[in-house]
Structure formats: C-alpha cells, structure tokens
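Let's take a friendly walk through some ring contacts and some strand pairings. Keep the viewer open as you read.

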Amino acid sequence: MATFTQGDGTAMPANGGAAILQDPDHISGGPGPFVMDAGTLDGDNVVNSAGEDIGKIEAIMLDVVAGRIAYAVLSFGGFFGIGSKLFAIPWSALTLDAAEKRFLLDIGKDRLENAPGFDEDHWPAMADRRWATDVHAYYDVSPYWEDEYGMPRNRDYATSERYPPVR
C-alpha cells in the first residue's frame, strides 16, 4: 500500500484513498487503520472542520472493476434516519480520524445540504461517468479513475487542531 506520512502523523493516500489521522496513543496490533473491514466503518460519524456532526456512513461503494473504493454513502438530516438524504462522498474527500473513530469532511452544513443527493429508494447510476465527474467536482477532488495519486485538488490536509476532539 503506497502512502506517505506528513510531519503531523497524517498518512496521505497515494492512490485515491482517504487520508488518515493516526492515533499517536494507540499502535494497532491488527490491520487497522490502514487495512480495515469495510463493515466496521458503517455507522461511523462524520464531522466537518467546525466540529459539527454532518451525518454517518451508511455504506461503502466499491468500483468492482477497478478494485477501488469509489464512494462512502453519507446520511444527513432527517429524524432517527427517517427523511435522511443520502450523499455519495468521493472516498478521497474523506479523512479517517483513527483516534476519534470518525471521518472528517471539509464541508459546511449549508454546502452539504445543497450537494447532489438521493434517497434510499432512488439511487443514482454511480457508474455513470458524467454523474461521477460532477460529484467529484462538487467535493473538489479529482476522479479516482483519472488522478494518478487520487489527491484532492485544493485540500489543506486535516490536522487534529482543525477538527476538535469529541467531548
């Protein structure tokens, strides 16, 4: 697995993966956080840079042919899951916060509310390149099938100071 580590301990993806804020107090004896069972990520909370809860991961979508994670499906809004809107978040737009066991997404609630979304009964054709290109552009990341390194276009990589700890 090709990654490189910044001075702040953030593991950066080399092939369209999610960045990882490592937990300096816990060195895993198992596979995580670099290789994980996708099912363990379902239900993880997602926060923005203001520390606001913006939803949870409902599913992880694989590009089976490419052998890569394409999207995390985020649910946002609603009441106890009823009326929630779903969003396909490009995997490279997310950062895994291993210490807090959550994901970080650098987006305001207003922008997320206006993002292209769908409901549980009307999913988009995620293999449609036009739709997928528009979604990647909305989150300002290069499409994973085009970008050699899968890096966000203009992303100031997350640091623990930008994302407040869970209280």
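The notes below cover the model, its aromatic rings and a set of paired strands.

## About the model

This is a predicted model, in which local features need pLDDT of at least 70 and side-chain atom pairs count only at pLDDT 80 or more, while totals for chains, interfaces and linings use all residues. Residues are numbered from 1 along each chain as its sequence is written, and side-chain values use heavy atoms, with hydrogens and water left out.

## Aromatic pairs

The structure holds 6 aromatic pairs. Rings of Phe, Tyr and Trp (its six-membered ring) pair if their centres lie within 6.5 Å; planes under 30 degrees apart are called stacked, over 60 edge-to-face, and the rest tilted. One of the pairs joins Phe118 and Trp123, with 4.9 Å between the centres and 55 degrees between the planes, and is tilted. Phe118 is buried, because its relative accessibility is 8%, whereas Trp123, at 38%, is partly exposed. Here buried means under 20% relative accessible area, exposed over 50%, and partly exposed in between (1.4 Å probe, protein chains only).

Tyr138 and Tyr139 form another pair: their planes meet at 75 degrees with the centres 5.4 Å apart, so this one is edge-to-face. Both of these tyrosines are buried.

## Charges over rings

A charge sits over a ring if NZ of Lys or CZ of Arg is within 6 Å of the ring centre and within 35 degrees of the ring normal. Arg111 lies over the face of Tyr138, 3.8 Å from the ring centre. Arg129 has its charged end over the ring of Trp145, at 4.2 Å from the centre.

## Strands β8 and β9

Strands (E, at least two residues) are DSSP runs numbered from the N terminus, and two of them pair if DSSP finds at least two bridges between them. Strand β8 (residues 94–97) and strand β9 (residues 102–105) are antiparallel, with 4 bridges. Thr95 faces Leu104 of β9, and Leu96 is opposite Phe103. The hairpin has 4 residues between the strands, and Lys101 takes a positive phi near 55 degrees there.

In a regular strand the side chains alternate between the two faces of the sheet. Both faces of β8 are covered, with Leu94 and Leu96 buried on one side and Thr95 and Asp97 on the other. β9 is covered on both faces too: Arg102 and Leu104 are buried on one side, Phe103 and Leu105 on the other.

## Parallel neighbours

Strand β3 (residues 19–21) runs parallel to β8, joined by 3 bridges, and Ala19 stands opposite Thr95. Strand β4 (residues 45–47) runs parallel to β9 through 2 bridges, where Val47 has Leu104 as its bridge partner.
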